[in-house]
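Me: Please take me through the pockets, the domains and the annotated positions of this chain, one question at a time.

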Amino acid sequence: MTSNDVTPGQSAPQSTPQPAGSTPLKVAVLGAAGRMGATVCAAVEAAPDMELVARIDAGDDLAQVAAAGAQVAVDFTVPSVTEDNVHALIDLGVHAVVGTTGWTDESRGRLIAHLGRRAAEGTSVGVLIAPNFGLSAVLAMTFAAKAARYFESAEVIELHHPNKVDAPSGTATHTAHAIARSRAAAGLGASPDATESGWEARGADVDGVRVHAVRLRGLVAHEEILFGNEGEQLIIRQDSFDRVSFMPGVLLGIREVVSRPGLTVGLENVMDLS
Ligand SMILES: NC(=O)C1=CN([C@@H]2O[C@H](COP(=O)(O)OP(=O)(O)OC[C@H]3O[C@@H](n4cnc5c(N)ncnc54)[C@H](O)[C@@H]3O)[C@@H](O)[C@H]2O)C=CC1
Ligand SMILES: O=C(O)C1=N[C@H](C(=O)O)C[C@H](O)C1
């Protein structure tokens, strides 16, 4: 990673070294007019080893991505369109870095099948889906997965800006699934809960983990993971105060996806944290 990629004091995930004199990676951004898309365009333009070749938003033809010669496309659109976008990118032979939420086991399964068909035809495409590209969030999720086996109770609170269209957040869902997997592997049962009425106040049930969503003007993206035992508590909290916090992770994903054929889910796998 070069010094131009991050502002002083900003944490940066490690990156693949860039050989001197090599050709910049050609990058397209889908959702380019959105909050994240615009920030990604600026980050790609500032990265010396990348070239922004296409800004795509609603109504644009995805064929422009290939016509512009993009090797990697970054998708920060909306949950209702991201799956179709990624299938189209695979057909175009363009690697995809995806931050958009809304992916399920079923939609990921369709992607794996499509990638497999393309690989059998000789076209090797990489897709990286990360529910959160922020270093603090990736670390919080990793720590939560490690802590989960030691606590009787676990709940997740996610807090976001009020313009967010989906709830609970992709990050909170990913976190809850990881906690549930750790608890199951450790032989833990359900968190204790004597609730008999008013279930709507207890948040969403994600794989047996209660997830609470707050929407508040002034917030960007935040998560708290609460663990409890008799007489003790552990709270893991992360805060993204600005969307630039996601950029080192997005740039890392762009550099890495070209050499990772197939589907990778979660930046923790790219960062070797899993
Ligand atoms: N993985 C991560 O680190 C992060 C993920 N997100 C997720 O990214 C997504 C986008 O978030 P924001 O930028 O805040 O939303 P936004 O609403 O500001 O931007 C979405 C953009 O996508 C465009 N769009 C809609 N349909 C399209 C299509 N078919 N093709 C191309 N563009 C299309 C919209 O016109 C809009 O400009 C959300 O799912 C959000 O949860 C947001 C922040 C970080
Ligand atoms: O919509 C957002 O803003 C964010 N969405 C992602 C999510 O749903 O987890 C990532 C981050 O929380 C910001």
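The questions and answers below concern a predicted model.

Me: Which two domains does the domain assignment of the chain give, and how far apart do their C-alpha centres lie?

Reply: The assignment divides the chain into domain 1 (25-132 + 244-270) and domain 2 (135-241). Their contact takes eleven residues from domain 1 and 15 residues from domain 2. The C-alpha centres of domain 1 and domain 2 lie 27 Å apart.

Me: What volume does the largest pocket have, and which residues are the closest to its centre?

Reply: The volume of the largest pocket is about 880 Å³. Its lining is made up of 42 residues, and those closest to the centre are Arg35, Met36, Phe76, Thr77 and Thr100.

Me: At which residues does UniProt place the feature "binding site", and which pocket lining takes them in?

Reply: The UniProt record, an unreviewed entry, places "binding site" at His161, Gly170 and Thr171. From this set, His161, Gly170 and Thr171 are found in the lining of the largest pocket.

Me: Is His161 buried or exposed?

Reply: His161 is found in the loop between β6 (153-160) and α6. Leaving aside neighbours within four places in sequence, His161 is in contact with Arg35, Arg215, Leu216, Leu219, Val220 and Arg243. Its relative accessible area is 11%, and buried means under 20%, so His161 is buried.

Me: Which element gives the largest share of the lining of the second largest pocket?

Reply: The second largest pocket holds about 430 Å³ of space. Of the 17 residues that line this pocket, the closest to its centre are Trp103, Arg108, Thr173, His174 and His177. The elements with two or more residues in this lining are α4 (105-120) and α6. The largest share, five residues, comes from α6.

Me: How many nonpolar, polar and charged residues does the lining of the second largest pocket have, and where does the pocket lie?

Reply: The classes divide into five nonpolar, eight polar and four charged residues. Domain 1 (25-132 + 244-270) and domain 2 (135-241) both give residues to the lining of the second largest pocket, so this pocket lies between them.

Me: What separates the C-alpha atoms of Arg108 and Val265?

Reply: Val265 is among the residues that Arg108 touches. Along the chain, Arg108 and Val265 are 157 residues apart. The separation of their C-alpha atoms is 9.1 Å.

Me: At which residues does UniProt place the feature "domain: Dihydrodipicolinate reductase C-terminal", and how far apart are the end C-alpha atoms?

Reply: The UniProt record, an unreviewed entry, places this feature at residues 137-271. Over residues 137-271, the chain is 31% helix and 30% strand. The end C-alpha atoms of residues 137-271 are 13 Å apart.

Technical notes. Residues numbered from 1 in each chain as written. Chains lettered and ligands numbered in written order. Predicted model: local features only at pLDDT ≥ 70, side-chain atom pairs only at ≥ 80, totals over all residues. Heavy atoms only, no water. 1 Å grid on protein atoms, 1.4 Å probe; cavity = no way out; pocket = protein on both sides within 12 Å on 5 of 7 lines; lining within 4 Å. Points joined across faces, edges and corners; volume = space filled by probe spheres on them. Helix = DSSP H or I, 4+ residues; strand = E, 2+ residues; numbered from the N terminus. Nonpolar A, V, L, I, M, F, W, Y, C, P; charged D, E, K, R; others polar. Domains from an automatic or database assignment. UniProt positions renumbered as here; feature names shortened; annotations may be inferred. Buried < 20%, exposed > 50% of the residue type's maximum accessible area, 1.4 Å probe, protein only. Contact = heavy atoms within 4.5 Å.
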